[in-house]
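Work through the exercises below with the structure open. Try each task before reading its solution.

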Amino acid sequence: MSAQLAQYLLSGLTVGAIYALVALGFAIIYNASHVINFAQGEFVMIGGMATVALANAGLPLLLAVPVAVLAAAAVGLALEKFAVEPARGASVVTLIIITIGASILLRGLATLVWDKNLHALKPFSGDKPIELAGATILPQSLWVLGVTLAIVLLLGWFFSRTLIGKAMLATSHNPLAAQLCGVNVRFVLLLSFGLSAALGAIAGILIAPITLTSWDVGVMLGLKGFAAAILGGLGSGAGAVLGGLLLGIAESLGAGYLSSAYKDAIAFVIILAVLFFLPSGLLGKKSAERV
Amino acid sequence: MRYKLLASLAAALFAAGAAIAQEPIKIGAFLSVTGGAAFLGDPEQKTLELYVEKLNAAGGVLGRKLQLISYDSAGDAEKARTFAKRLIEQDKVDVIVGGSTTGETMAVVPLVEAAGMPFISLAGAVVIVEPVKKWVFKTPHTDRMACERIFLDMRNRRIERIGLISGAGGFDKSMRAQCLQVAPTYRIQIVADEAYGGGDTDMTAQLTKIKNAPGVQAVLNAGFGQGPAIVTKNFRQLAIGVPLYQSHGVASKEFIKLAGDAAEGVRLPAAALLVAETLPDSDRQKKVVSDYKREYEARFKSDVSTFGGHAWDGLMLSVEAMKKARSTDKAKVRDALESIRDFIGIDGVFNMTPRDHMGLDLTYFRMIEVKKGNWVPIQ
């Protein structure tokens, strides 16, 4: 029985780490602009699909991965530059709708640039399962967990130690005050899109060997990442990671002990519950109207 | 100048006259060329184009050329209905071959029944031809036959207790229901019955549950698309150590490519097309199947899939019926379709009767296994 539990936890952690990366992407853009970027899932798709395409073209994985991440970041920058920035000053809802439009456009483009088929990426280091407390885990899952951990540490350092990271943090607290102190808020917004696109792409590449990738893989992963961000508290980095891991484990345990037919529903029931009882999430800032 | 005008006038008159003399036979089609079921509709569309062209190059049918009128219903039942209406009322086609999915097919059934239009569906579920509908035929093996074929193979291996895992799609659900229904007939006991969602990316939780069900001797996965590939990978990861069966829904090279090494040893029922090279010369389907494979691959530079084969059967069965009826009169073509016997197609040898509008039995539904990254027939 404990082996069964260990298996559920390991599966949940792997998927949860991916949700966490997607949720971090949501958090970064939300902090810079209060926009929920619904094209976040598409960055995941672009990362996976671009890597597959480049690897098929004969590029070694070591080269294909950075190129794909840069390509996704470029798409993120372009999205900000040509779709979000021209609408500067519009309400947040308008901007959110723009990102929904962008996600549909990006999915459509992906079917044209690549194709509508499913693709598998070769695992980074073999696919011999590793046994752990009676459960099994794929080497690729270790990659997912390890890289996620590294990124979380790296982001922590970036936001607390570097000038540009601090500028982004300042913008998230109060854009006007930040601007008055000399922070280039527009540049921060641009950077936030590039950064979260790169994060999404890394998630997409890490998961591609386990779950396959295709033009529409971003829809569900994007929604789950969004659920994780809400659960952890929108805008909180630590919350995004915690939310992602909790969501992954909850899904896996739910499928194992309750009913597998409702696995996807669990994520959305959690969103609803959080919005009803804990609107700012587990680690989110309590928002209060100041008079 | 005047001569030129006269000449073009004459040419126009001549062309009009020729068109009246041999009005083309119109083959209507609505297929899921894009969208989630594109992997069905795309090879079907290509197959219809290629063979309408080939039939025309060989002089057409009944001395008339064929004309293909095809719409992309994108896996949407509502669109399928609209296009079927257009094919019947505006395009006035002579026969409809199409309906990549069961949902699209069933949405169109009332229309063709009311209009008296011979319709050959390319979708799987048994509800299409059971109960028999006067104007509706279909070419692929049904999901129930897939269950029966798999259970037969399980009995041969003395397997009695199995775990079932299925997806959330229409095909998946229908096949699950059929398998549950025919299992007792084959004395198969289903000891675990798990499900996964459409965009699910990890099935280890469901499979762990099956693994721990007491006395499981095999696992059967009803589904198509990405689900079965992930199930196969997770199945190997968990080292469940019993045989894994898939449905004919994954019968394409794509599946082996996606699942990789994990696909080794997976068994599934499929038509002869998948194992065309390894068929003995004495096999009745050998020529038809290997011709189709060669011609399709030469033209489109991509692997054939079983689904394109369904379209070949649909087109050739309607041509055969027109030849048999010596007319394109809809009622006569329908009667001729119903009386086609011993027609060697891609999916099997068709024997239509008034009670069976699919005309296939288990004889030509082969059990195959993945060995060294290739399909191999099991004797």
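**Exercise 1.** Which helix holds both B:Lys46 and B:Asp42, and how many residues apart are they?

*Solution.* Start with the element. Both residues lie in helix H2 (residues 38-57) of chain B, four residues apart. Helices here are DSSP runs of H or I with at least four residues, strands are runs of E with at least two, and both are numbered from the N terminus. That spacing separates B:Lys46 and B:Asp42 by about one helical turn. Next, take the distance. The two form a salt bridge, with the closest N and O atoms 3.2 Å apart. The rule asks for a side-chain nitrogen of Lys or Arg within 4 Å of a carboxyl oxygen of Asp or Glu. B:Lys46 is partly exposed at 22% relative accessibility, and B:Asp42 is partly exposed at 30%. The classes are buried (under 20% relative accessible area), exposed (over 50%) and partly exposed in between, with a 1.4 Å probe and protein chains only.

The model is predicted: local features need pLDDT of at least 70, side-chain atom pairs count only at pLDDT 80 or more, and totals for chains, interfaces and linings use all residues. Residues are numbered from 1 along each chain as its sequence is written, chains are lettered from A and ligands numbered from 1 in the order in which they are written, and side-chain values use heavy atoms, leaving out hydrogens and water.

**Exercise 2.** Is B:Glu194 buried or exposed? Describe its salt bridge too.

*Solution.* B:Glu194 is buried, at 9% relative accessible area. Its side chain meets that of B:Lys209 in a salt bridge of 3.6 Å, N to O. This pair links distant parts of the chain: B:Glu194 sits in strand E7 and B:Lys209 in helix H7, 15 residues apart. B:Lys209 is partly exposed at 23%.

Now take another pair. B:Glu160 and B:Arg155 form a salt bridge with closest N and O atoms 3.9 Å apart. B:Glu160 is partly exposed at 41%, and B:Arg155 is partly exposed at 22%.

Finish with the count. The whole structure has 22 salt bridges over all chains.

**Exercise 3.** How many residues of chain B are in contact with chain A? Characterise the interface.

*Solution.* Count first. 29 residues of chain B touch 27 residues of chain A, where contact means heavy atoms within 4.5 Å. Then area. The chains bury about 2,300 Å² between them, 55% of it on carbon and sulfur atoms. Buried area is the accessible area (1.4 Å probe) lost on putting two parts together, summed over both. B:Thr201, B:Gln237 and B:Leu258 supply 25% of the area that chain B buries against chain A, more than any other three residues.

Then elements. Strand E7 (189-195) and helices H7 (204-211), H8 (226-237) and H9 (253-259) of chain B each give two or more residues to the side touching chain A. H8(B) gives the largest share, six residues.
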